[in-house]
Amino acid sequence: MLRRPIKPRMVLIDVDGTLVDSVPDLAYCVDEMMTRLGRPPHGEAAVRNWVGNGVERLVRRALIGQLDGEPDEADFEQAYPIFLDLYADNTSKRSVLYPGVREGIDYLRSNGYPLGCVTNKVAQFTLPLLKDLGVFDAFSLVVSGDSLPEKKPHPMPLLHAAKHFGVEPRDALMIGDSVSDVKAARAAGFGIICMSYGYNHGQDIREANPDAVIDSMAELEGLIAPAD
């Protein structure tokens with residue numbers, strides 16, 4: 001855990017489970033998809049444990065009703081376009097920023113920290129979501145799940161962002177909520193702070209040993225040093 005405030009030269013922030021509680025929209029789309037397929041819906045509690053690895057993975061999990069495993073490929077090919085159409089119309093109707101997000105972003109921006117957004121959500125859904133919730137303009141760079149050949153937990157998106165900002169990885173910080181974020185940060189040589197409330201498939205994120213775990217992004221003021 002951090003013993004004193006740090007002063008990174010760049011901060012990257014994840015979207016789902018970190019900035020935004022997007023499960024209400026995702027759950028609605030999953031359940032509507034299942035209904036259209038003639039199958040019983042799962043409910044929001046189940047979907048909350050399945051999110052965090054992109055919508056394709058979410059659809060596969062919904063079809064088999066569990067975290068691990070693969071559905072019949074023909075079933076997936078039928079279901080996936082249904083989900084995409086639903087989510088295109090329901091990207092931000094029920095999703096909300098977590099408490100403390102605006103305070104955390106305002107603190108970082110007021111102290112001149114360059115901010116980037118790195119998510120596994122594809123750009124088609126990432127950009128409207130950030131815009132609709134009023135935080136898009138806070139980020140100088142948005143790296144979505146389909147922006148590069150690799151996505152988290154691969155370090156490529158983080159290293160791409162570091163290069164964009166001209167910052168060495170050792171001087172960069174990732175803020176996320178999942179094991180995927182921790183693995184990506186460690187592989188890239190970034191620092192990593194995690195939110196306690198995010199999407200980590202029911203596991204306590206502390207088990208992944210990030211540098212710090214906080215309950216609200218408003219707490220960043222005590223972990224990241226103010227500007228000189």
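Predicted model: local features only at pLDDT ≥ 70, side-chain atom pairs only at ≥ 80, totals over all residues.

## Exercise 1: Two packed helices

Helix α1 (residues 23-36) packs against helix α4 (residues 73-89) at an angle of about 135°, and their axes are 9 Å apart. Classify the arrangement of α1 relative to α4, and describe the contact of α1 with α4 by residue class.

**Solution.** 

Step 1. Angles over 145 degrees count as roughly antiparallel and those from 65 to 115 as roughly perpendicular. The angle between α1 and α4 is about 135°, and therefore α1 is oblique to α4.

Step 2. The handedness is stated next: α1 and α4 form a right-handed crossing.

Step 3. On the α1 side, the contact involves Asp 25, Leu 26, Cys 29, Val 30, Glu 32, Met 33 and Arg 36. These residues meet Ala 79, Ile 82, Phe 83, Leu 86 and Tyr 87 of α4.

Step 4. Sorted by class, the residues of this contact comprise nine nonpolar, no polar and three charged.

## Exercise 2: A further partner of α4

Helix α3 (residues 55-64) also packs with α4, at an angle of about 125° and with axes 10 Å apart. Determine how α3 is oriented to α4, and list the residues that make the contact.

**Solution.** 

Step 1. The angle of about 125° makes α3 oblique to α4.

Step 2. The crossing of α3 with α4 is right-handed.

Step 3. From α3, the contact is made by Val 55, Glu 56, Leu 58, Val 59, Arg 60 and Leu 63. From α4, the residues are Glu 73, Asp 75, Phe 76, Ala 79, Tyr 80, Phe 83, Leu 84 and Tyr 87.

Step 4. In this contact of α3 with α4, 10 residues are nonpolar, none is polar and four are charged.

## Exercise 3: The nonpolar cores

Which residues of the largest nonpolar core touch the most other members?

**Solution.** 

Step 1. The largest nonpolar core has 55 residues, and those touching the most other members are Leu 19, Met 33, Phe 83, Ile 105, Leu 108 and Phe 139.

Step 2. Helix α1 supplies the largest share of this core, seven residues.

Step 3. Leu 19 may be taken as an example. Beyond four places away in sequence, its contacts include Ile 13, Val 96, Tyr 98, Ile 105, Phe 139 and Met 217.

Step 4. A second, separate core has 22 residues, among them Leu 158, Met 174, Ala 184 and Ala 188.

## Exercise 4: The setting of Cys 117

Is Cys 117 buried or exposed?

**Solution.** 

Step 1. Cys 117 is located in strand β4 (residues 115-118).

Step 2. Buried means under 20% relative accessible area. Cys 117 has a value of 1%, so this residue is buried.

Step 3. Leaving aside residues up to four places away in sequence, Cys 117 touches Ile 13, Val 15, Leu 130, Phe 139, Leu 141, Val 142 and Val 143.

Step 4. Cys 117 and Val 143 are 26 residues apart along the chain, with a separation of 6.0 Å between their C-alpha atoms.

## Exercise 5: Backbone features in loops

Which residues does a cis peptide bond join, and where do His 201 and Asn 209 lie?

**Solution.** 

Step 1. The cis peptide bond links Lys 152 to Pro 153, with omega about 15°. Pro 153 belongs to the loop between β5 (141-143) and α7 (156-165).

Step 2. His 201 is not a glycine, yet has a positive phi of about 55°. His 201 lies in the loop between β7 (191-195) and β8 (212-214) and is partly exposed, at 24% relative accessible area.

Step 3. Asn 209, likewise found in the loop between β7 and β8, has a positive phi near 60°. With a relative accessible area of 56%, Asn 209 is exposed.

How values were computed
Residues numbered from 1 in each chain as written. Heavy atoms only, no water. Axes fitted to C-alpha atoms, helices over the stretch in contact; angles between N-to-C directions. Helix = DSSP H or I, 4+ residues; strand = E, 2+ residues; numbered from the N terminus. Parallel < 35°, antiparallel > 145°, perpendicular 65-115°, else oblique. Left-handed = near helix turned anticlockwise from the far one by under 90°. Contact = heavy atoms within 4.5 Å. Nonpolar A, V, L, I, M, F, W, Y, C, P; charged D, E, K, R; others polar. Buried < 20%, exposed > 50% of the residue type's maximum accessible area, 1.4 Å probe, protein only. Core = buried A, V, L, I, M, F, W, Y, C linked by side-chain atoms within 4.5 Å.
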